[in-house]
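Dear colleague,

I am handing over a structure that you have not seen before, and I would be glad if you could look through it with the notes below beside you. The notes begin with the overall picture and then turn to a few places in the chain.

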Amino acid sequence: MFNIKSFINFLGRNKLYTFVTIFGFALALMFVILLSLYTREQFTVDNYHLNGERIVVVAYVVAIPAIWYLCGMWLKDFPYRISISPMVYIISGLVALLVASATIFWQAYQAMMVPPAITLKK
(Lines give C-alpha, C1' and ligand atoms only; values in the text may rest on other atoms or scores of the structure.)
Protein backbone atom coordinates (compact mmCIF):
# COMPACT_ATOMS: atom_id res chain seq x y z
CA MET A 1 0.00 0.00 0.00
CA PHE A 2 1.14 3.50 -0.79
CA ASN A 3 2.18 5.47 2.26
CA ILE A 4 2.33 9.29 1.94
CA LYS A 5 4.58 9.68 4.99
CA SER A 6 7.26 7.36 3.61
CA PHE A 7 7.06 9.09 0.23
CA ILE A 8 7.63 12.50 1.83
CA ASN A 9 10.56 11.03 3.81
CA PHE A 10 11.99 9.65 0.58
CA LEU A 11 11.72 13.04 -1.12
CA GLY A 12 13.30 14.74 1.91
CA ARG A 13 16.29 12.39 1.87
CA ASN A 14 16.79 12.48 -1.90
CA LYS A 15 16.88 16.19 -2.64
CA LEU A 16 18.51 15.83 -6.06
CA TYR A 17 15.87 13.32 -7.13
CA THR A 18 13.16 15.66 -5.88
CA PHE A 19 14.65 18.63 -7.73
CA VAL A 20 15.02 16.73 -11.00
CA THR A 21 11.49 15.38 -10.75
CA ILE A 22 9.89 18.74 -10.01
CA PHE A 23 12.01 20.53 -12.63
CA GLY A 24 11.15 17.92 -15.26
CA PHE A 25 7.46 18.12 -14.43
CA ALA A 26 7.49 21.93 -14.60
CA LEU A 27 9.37 21.88 -17.90
CA ALA A 28 6.97 19.34 -19.40
CA LEU A 29 3.97 21.35 -18.21
CA MET A 30 5.46 24.51 -19.71
CA PHE A 31 5.91 22.82 -23.10
CA VAL A 32 2.37 21.43 -23.03
CA ILE A 33 0.99 24.91 -22.39
CA LEU A 34 3.16 26.46 -25.12
CA LEU A 35 2.20 23.73 -27.58
CA SER A 36 -1.49 24.18 -26.87
CA LEU A 37 -1.23 27.96 -27.34
CA TYR A 38 0.66 27.52 -30.60
CA THR A 39 -1.81 24.92 -31.85
CA ARG A 40 -4.79 27.11 -31.00
CA GLU A 41 -3.19 30.03 -32.83
CA GLN A 42 -2.39 27.98 -35.95
CA PHE A 43 -5.68 26.12 -36.32
CA THR A 44 -8.25 28.86 -36.34
CA VAL A 45 -11.17 29.18 -38.73
CA ASP A 46 -9.10 31.56 -40.88
CA ASN A 47 -6.53 28.84 -41.56
CA TYR A 48 -9.15 26.28 -42.53
CA HIS A 49 -7.90 23.77 -45.14
CA LEU A 50 -10.40 22.28 -47.54
CA ASN A 51 -8.10 19.32 -48.18
CA GLY A 52 -7.34 18.63 -44.53
CA GLU A 53 -8.18 14.94 -44.78
CA ARG A 54 -5.87 14.53 -47.76
CA ILE A 55 -3.07 16.17 -45.80
CA VAL A 56 -3.54 13.63 -43.01
CA VAL A 57 -3.64 10.69 -45.43
CA VAL A 58 -0.48 11.81 -47.25
CA ALA A 59 1.34 12.38 -43.95
CA TYR A 60 0.26 8.92 -42.79
CA VAL A 61 1.40 7.21 -46.00
CA VAL A 62 4.77 8.97 -45.84
CA ALA A 63 5.31 8.34 -42.11
CA ILE A 64 4.39 4.64 -41.86
CA PRO A 65 7.42 3.17 -43.67
CA ALA A 66 9.76 5.39 -41.66
CA ILE A 67 8.11 4.46 -38.37
CA TRP A 68 8.11 0.76 -39.24
CA TYR A 69 11.83 0.85 -40.05
CA LEU A 70 12.80 2.94 -37.00
CA CYS A 71 10.76 0.81 -34.59
CA GLY A 72 12.28 -2.34 -36.06
CA MET A 73 15.80 -0.94 -35.65
CA TRP A 74 15.05 0.18 -32.10
CA LEU A 75 13.46 -3.09 -31.00
CA LYS A 76 16.05 -5.42 -32.56
CA ASP A 77 18.54 -4.77 -29.74
CA PHE A 78 16.14 -5.69 -26.94
CA PRO A 79 16.60 -9.14 -25.41
CA TYR A 80 12.83 -9.76 -25.35
CA ARG A 81 12.06 -8.55 -28.84
CA ILE A 82 8.44 -8.17 -29.86
CA SER A 83 7.03 -7.90 -33.32
CA ILE A 84 4.65 -5.10 -34.18
CA SER A 85 1.58 -6.15 -36.09
CA PRO A 86 0.57 -4.12 -39.16
CA MET A 87 -2.89 -3.87 -37.58
CA VAL A 88 -1.46 -1.36 -35.08
CA TYR A 89 -0.58 0.99 -37.94
CA ILE A 90 -3.90 0.49 -39.68
CA ILE A 91 -5.89 1.24 -36.54
CA SER A 92 -3.76 4.28 -35.69
CA GLY A 93 -4.24 5.60 -39.22
CA LEU A 94 -8.00 5.15 -39.03
CA VAL A 95 -8.11 6.90 -35.65
CA ALA A 96 -6.02 9.79 -37.03
CA LEU A 97 -8.32 10.06 -40.05
CA LEU A 98 -11.37 10.01 -37.79
CA VAL A 99 -9.94 12.77 -35.57
CA ALA A 100 -8.98 14.86 -38.61
CA SER A 101 -12.45 14.43 -40.12
CA ALA A 102 -14.14 15.39 -36.86
CA THR A 103 -11.89 18.44 -36.50
CA ILE A 104 -12.56 19.59 -40.06
CA PHE A 105 -16.29 19.05 -39.61
CA TRP A 106 -16.29 21.04 -36.37
CA GLN A 107 -14.32 23.93 -37.90
CA ALA A 108 -16.66 24.02 -40.90
CA TYR A 109 -19.69 23.98 -38.60
CA GLN A 110 -18.30 26.85 -36.53
CA ALA A 111 -17.55 28.87 -39.67
CA MET A 112 -21.04 28.15 -40.97
CA MET A 113 -22.72 29.36 -37.77
CA VAL A 114 -21.08 32.83 -37.87
CA PRO A 115 -23.49 35.37 -39.37
CA PRO A 116 -22.23 36.86 -42.66
CA ALA A 117 -22.64 40.42 -41.37
CA ILE A 118 -20.12 39.80 -38.58
CA THR A 119 -17.66 38.25 -41.01
CA LEU A 120 -17.99 41.16 -43.45
CA LYS A 121 -17.43 43.75 -40.66
CA LYS A 122 -14.01 42.26 -39.98
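**Overall picture**

The protein chain has 5 helices and 0 strands, where helices (H or I, at least four residues) and strands (E, at least two) are DSSP runs numbered from the N terminus. Please keep in mind that this is a predicted model, in which local features need pLDDT of at least 70 and side-chain atom pairs count only at pLDDT 80 or more, while totals for chains, interfaces and linings use all residues. Residues are numbered from 1 along each chain as its sequence is written, and side-chain values use heavy atoms, with hydrogens and water left out.

Of the 122 residues in the protein chain, 7% are buried; here buried means under 20% relative accessible area, exposed means over 50%, and partly exposed lies in between (1.4 Å probe, protein chains only). Among contacts (heavy atoms within 4.5 Å) between residues at least 6 apart in sequence, 58% join residues at least 24 apart.

**Helices H1 and H2**

The axes of helix H1 (residues 4-13) and H2 come within 5 Å and cross at roughly 100°; these axes are lines fitted to C-alpha atoms, for helices over the stretch in contact, with angles running from 0 to 180 degrees between N-to-C directions. H1 is therefore roughly perpendicular to H2, a term that covers angles of 65 to 115 degrees. On the H1 side the contact is made by Phe10, Leu11, Gly12 and Arg13, and on the H2 side by Lys15, Tyr17 and Thr18.

The structure holds 2 aromatic pairs, which are rings of Phe, Tyr and Trp (its six-membered ring) with centres within 6.5 Å. One of them joins Phe19 and Phe23, which are stacked at 5.9 Å centre to centre with 15° between the planes, stacked being the word for planes under 30 degrees apart. Phe19 and Phe23 are separated by about one helical turn because they are 4 residues apart in helix H2 (residues 15-42). Phe19 counts as exposed at 53% relative accessibility, and Phe23 counts as partly exposed at 49%.

**Around Cys71**

Cys71 lies in helix H3 (residues 52-75) and, at 24% relative accessibility, counts as partly exposed. Leaving aside residues up to four places away in sequence, Cys71 touches Ile84 and Tyr89. The C-alpha atoms of Cys71 and Ser83, 12 residues apart along the chain, are separated by 9.6 Å.

With kind regards

Technical notes: Rings of Phe, Tyr and Trp (its six-membered ring) pair if their centres lie within 6.5 Å; planes under 30 degrees apart count as stacked, over 60 as edge-to-face and the rest as tilted. Angles under 35 degrees count as roughly parallel, over 145 as roughly antiparallel, 65 to 115 as roughly perpendicular and the rest as oblique.
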